[in-house]
Amino acid sequence: MGDHPPMDTPADILDTLLRGQRPWQSEPPVFDPADTPAEPLPLFVAWFAEAVEAGQPEPHTLALATVDADDAPDVRTVTLRGADARGWRVATRADSRKGRQLAASPRAALGFHWPARSRQIRVRGPVLPASPEESRADLRARSTGALAAALTGRQSAPLGSLDELARASAEAWRTARAEPERDVPQWTVYVVAATEVEFWQGDPGRRHVRLVYRRPSPRSPEWTRQLLWP
Ligand SMILES: Cc1cc2nc3c(=O)[nH]c(=O)nc-3n(C[C@H](O)[C@H](O)[C@H](O)COP(=O)(O)O)c2cc1C
């Protein structure tokens, strides 16, 4: 009614923006699954190095999926702390929502997306907390801000106001500066002991190349490799 043009709804605006997005615009690198190592870690490291070289912003961030006590899925972004023969490592407070979920159901999936190389990597497996010494060393190796964040605590608990956060954070920064060796017993490194790692190479012609490594248990050194339909 009236002479105003109809307003775009948020959903309309989103539709227009989504129509303008185009994945896999740049020529993707060649990925030959026949020329891959017997286990996934060296290939992960090679792809990580190539993502860094291609200027991929924040290649070390990933989606960490967990399930809660009712088996309902949950997901959030975290930072990769490292990967070795044991598995892929992330770190958080054990009393955060994800920490409580991992205590109740110690298994996870990780998702890396490196659009600069048209690639994603998926990792799945059981999760084990690292030793308290390793978790302590992880926090020590980080910045004052990371220690302050870990000290602030109450991650994922309801927050009354931003003023409350500002006060707690200022106090945590004071402690972190004064006591850089300060222990945060809740800070925990978690190892995702992969039983499945998938390498996905995007292709503008939609002939995406998918190679999945699987092994029967995290203790088994016997990885199998399998191509998947895209
Ligand atoms: C780029 C990025 C990196 C993050 N890295 C971490 C991390 O390493 N550990 C962590 O506990 N939270 C990290 N966060 C915050 C989490 O996404 C999340 O908000 C927080 O951990 C609470 O999650 P939860 O309620 O599932 O426990 C990161 C967020 C972003 C956007």
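## Aromatic pairs in the model

Rings of Phe, Tyr and Trp, the last taken by its six-membered ring, are said to pair if their centres lie within 6.5 Å. In this predicted model, the rule gives a count of 10 aromatic pairs. Ring pairs join Phe31, Trp47, Phe199, Tyr213 and Trp223 into a cluster, and the sections below follow some of the members of that cluster.

## Tyr213 and its two ring partners

Phe199 and Tyr213 form an edge-to-face pair, with 5.7 Å from centre to centre and 70° between the planes. The pair links distant parts of the chain, since Phe199 belongs to strand E8 (residues 196-201) and Tyr213 to strand E9 (residues 209-214), 14 residues apart. Both Phe199 and Tyr213 are buried.

Tyr213 also pairs edge-to-face with Trp223, at 6.3 Å centre to centre and with 80° between the planes. Tyr213 lies in strand E9 while Trp223 lies in the loop between E9 and strand E10 (224-228), so this pair ties together parts that are 10 residues apart in sequence. Trp223, like Tyr213, is buried.

## The strands around the pairs

Strands E8 and E9 pair in the antiparallel sense over six bridges, and within this pairing Phe199 stands opposite Leu211 in E9. Strands E9 and E10 are likewise antiparallel, paired over five bridges, and the bridge partner of Tyr213 in E10 is Arg225.

## A charge over Trp47

Trp47, one of the residues in the cluster, has Arg119 lying over the face of its ring, at 3.9 Å from the ring centre.

Definitions and conventions. Residues numbered from 1 in each chain as written. Predicted model: local features only at pLDDT ≥ 70, side-chain atom pairs only at ≥ 80, totals over all residues. Heavy atoms only, no water. Phe/Tyr/Trp six-rings, centres within 6.5 Å; stacked < 30°, edge-to-face > 60°. Helix = DSSP H or I, 4+ residues; strand = E, 2+ residues; numbered from the N terminus. Buried < 20%, exposed > 50% of the residue type's maximum accessible area, 1.4 Å probe, protein only. Lys NZ or Arg CZ within 6 Å of the ring centre and 35° of its normal. Pairing = 2+ DSSP bridges.
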